[in-house]
Amino acid sequence: MRRLSAAALLIPLCLAAAAAGAAGDLDRAIGAALFKRAWVPAPSSTRANDGLGPLHNARSCLACHGGMARQPVRLDEAGVVLGENLVLRLSDREGRPDPVYGVQLQTSGLPGVPGEGRAVRSGSGYAARDLAYGPIAPTTRVGARLAPALSGLGLLEQVPESAILAIADEQGRSPDGIRGRPNWLSAPDGSRRLGRFGLKASLPTLAEQVEAAFELDLGMSTPGRNRPAGDCTPAQPACLAAPTGAEYGKPEIAAELVDLLTHFLAARPAPEAKAADPAGSALFEAIGCAMCHRPSLPSARGAVSAYTDLLLHDLGPELDGGATEPGVAPTEWRTAPLWGISGTIAGGAGLLHDGRARTVADAVAHHGGEAASARARFRALSPLDRERLLAFVSSL
Ligand code: HEC
Ligand code: HEC
């Protein structure tokens, strides 16, 4: 473990992981341990690499991505969200963060730095309550997002950019008005990169998605996002002044730890493919679901049966997510991968970005905008064919 600078943290993790056996598995076992690790605030007895918060939503990745699966939203009788896996994002229509609360409502804070507020059920969506730093800006929109399942992400990273762009070209000629578009992200050097990860495809690589999670969800800095106070804003001076785990400008989370976690996630296999009913699959193609939910994408590691095109689509005002990210409309989403949806349904978690749909039929009912023609054809199916299609999708 010589290459690892974060020895104080890693030695106990290595000992725990040694049971994993073969040396090749060791890195992955450490990555798994980092995923589960409950981070602690700085300063603390364990010093190196701690520095949770000051504002944060949870203490570990696992708290939101339990079992690597999408988890149901938990509410108390008054409709207050209890678990951490549903987060509230805040932005104006153009994706600019709230001037006081930042990009995300962090529900927890360290002593002296109050948590920002709570998420509560409100109508058919969620709202922010008990705001600790005054009202949110009048132009700020609030939108809930549910932590997704984390399987097969390494495969999505392997799909060549050219294949994704070819799908966008094909869709551009679709008489249905399907117009998937790549989320181009501009790098500081002026080059552009294709976004693939996150519900709005706003992160280009798995490693950068991991860094974003440390910053927004845990309040910890990484080499790529070296802000030890995470999502604190200048309007939150106590947060900015709180102790951090960053020493001499070094990030709280060293590059090696980001790598280990990224490799662990990338190595997670795709959800197990089920024996699909060919008639259901044919209907899925025939009514146009497969235009966006691609049954197969090419990759150097073989076909990727993720049922996504990794492109953004505008699904209309019904799926307006409130908050958004720069360059992406509030109604635009990355086509949700459908692989593993049987596990999501079995686990009782809702579908769509905030879990609002209980069933596949319910999810389709929310598909407007570019997906309106497919929805109309779904509605026109005979009852028998509709059942076949729903059974097929629910089995993926
Ligand atoms: C407070 C809850 C929470 C915590 C803690 C959290 N996540 Fe997430 N995660 C989410 C939510 C919500 C999303 C969807 C965000 C989006 O893109 O809008 C997400 C998305 C992701 C994705 C993208 C998946 C995809 O399909 O593109 C990855 C990868 C991920 N998280 C990894 C992590 C890792 C690694 C950690 C720990 C460092 C972590 N998360 C901590 C809530 C959380
Ligand atoms: C124009 C592209 C497009 C078409 C056509 C389309 N979808 Fe979708 N679908 C999406 C997008 C984008 C999302 C993510 C929306 C969100 O998260 O709010 C999605 C989400 C879903 C989900 C929820 C998945 C989850 O894990 O939460 C299901 C189920 C689904 N679609 C099924 C279908 C079916 C069945 C059809 C055909 C009747 C269809 N879709 C047609 C783009 C499309």
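The shell around ligand 1 divides into 16 nonpolar, five polar and five charged residues. In this predicted model, 26 residues surround ligand 1. Ligand 2 has 25 residues around it. The structure also holds 15 salt bridges.

**Ligand 1**

- H5 gives the most, with six residues.
- An N or O atom in the side chain of Arg145 is 2.5 Å from an oxygen atom of ligand 1.
- Arg334 also brings a side-chain N or O atom to an oxygen atom of ligand 1, at 3.0 Å.
- Gly198 uses its backbone: an N or O atom there lies 2.7 Å from an oxygen atom of ligand 1.

**Ligand 2**

- By class, the shell around ligand 2 has 16 nonpolar, six polar and three charged residues.
- A polar side-chain atom of His293 lies 2.8 Å from a nitrogen atom of ligand 2.
- For His367, an N or O atom in the side chain is 2.8 Å from a nitrogen atom of ligand 2.
- A polar backbone atom of Leu352 is 2.7 Å from an oxygen atom of ligand 2.
- Strand S10 (332-334) and helix H10 (360-365) are the elements that give two or more residues to this shell.

**Val364 in helix H10**

- Val364 lies in helix H10.
- Val364 counts as buried because its relative accessibility is 17%, under the 20% cut-off.
- Beyond its neighbours within four places in sequence, Val364 is in contact with Arg375 and Phe378.
- Val364 and Leu390 are 26 residues apart in sequence, and their C-alpha atoms are 9.8 Å apart.

**Salt bridges**

- Side chains of opposite charge can pair when their charged atoms come close.
- Arg141 and Asp320 meet in a salt bridge through their side chains, at 2.9 Å from N to O.
- This pair links distant parts of the chain, 179 residues apart: Arg141 is in strand S6, and Asp320 is in the loop between strand S9 (312-314) and S10.
- Arg141 is buried at 18% relative accessibility, whereas Asp320 is partly exposed at 24%.
- Glu215 forms a salt bridge with Arg225, with the closest N and O atoms 2.7 Å apart.
- Glu215 lies in helix H5 and Arg225 in the loop between H5 and helix H6 (237-241), so the pair ties together parts ten residues apart in sequence.
- Arg227 forms a salt bridge with Glu215 too, at 2.8 Å between the closest N and O atoms.
- Arg227 lies in the loop between H5 and H6, so its pairing with Glu215 in helix H5 ties together parts twelve residues apart in sequence.
- Glu215 is buried, with a relative accessible area of 6%.
- Arg225 is partly exposed at 29%, and Arg227 is partly exposed at 41%.
- Arg89, Arg145 and Glu325 are linked in a network of salt bridges.

**Glu116, a buried charge without a salt bridge**

- Glu116 lies in the loop between strand S3 (108-109) and strand S4 (118-122).
- Glu116 is buried yet has no salt bridge.
- The nearest side chain of opposite charge is Arg227, 10 Å away.
- The side chain of Glu116 reaches the backbone nitrogen of Gln106 at 2.7 Å.
- Beyond four places in sequence, Glu116 touches residues including Leu55, Tyr101, Asp130, Tyr133 and Gln236.

Note on methods. Residues numbered from 1 in each chain as written. Chains lettered and ligands numbered in written order. Predicted model: local features only at pLDDT ≥ 70, side-chain atom pairs only at ≥ 80, totals over all residues. Heavy atoms only, no water. Near = heavy atom within 4 Å. Polar contact = N/O pair within 3.5 Å; in protein donor to acceptor, adjacent residues only side chain to side chain. Helix = DSSP H or I, 4+ residues; strand = E, 2+ residues; numbered from the N terminus. Nonpolar A, V, L, I, M, F, W, Y, C, P; charged D, E, K, R; others polar. Buried < 20%, exposed > 50% of the residue type's maximum accessible area, 1.4 Å probe, protein only. Contact = heavy atoms within 4.5 Å. Lys, Arg positive; Asp, Glu negative; His and termini not counted. Salt bridge = Lys/Arg side-chain N within 4 Å of Asp/Glu carboxyl O.
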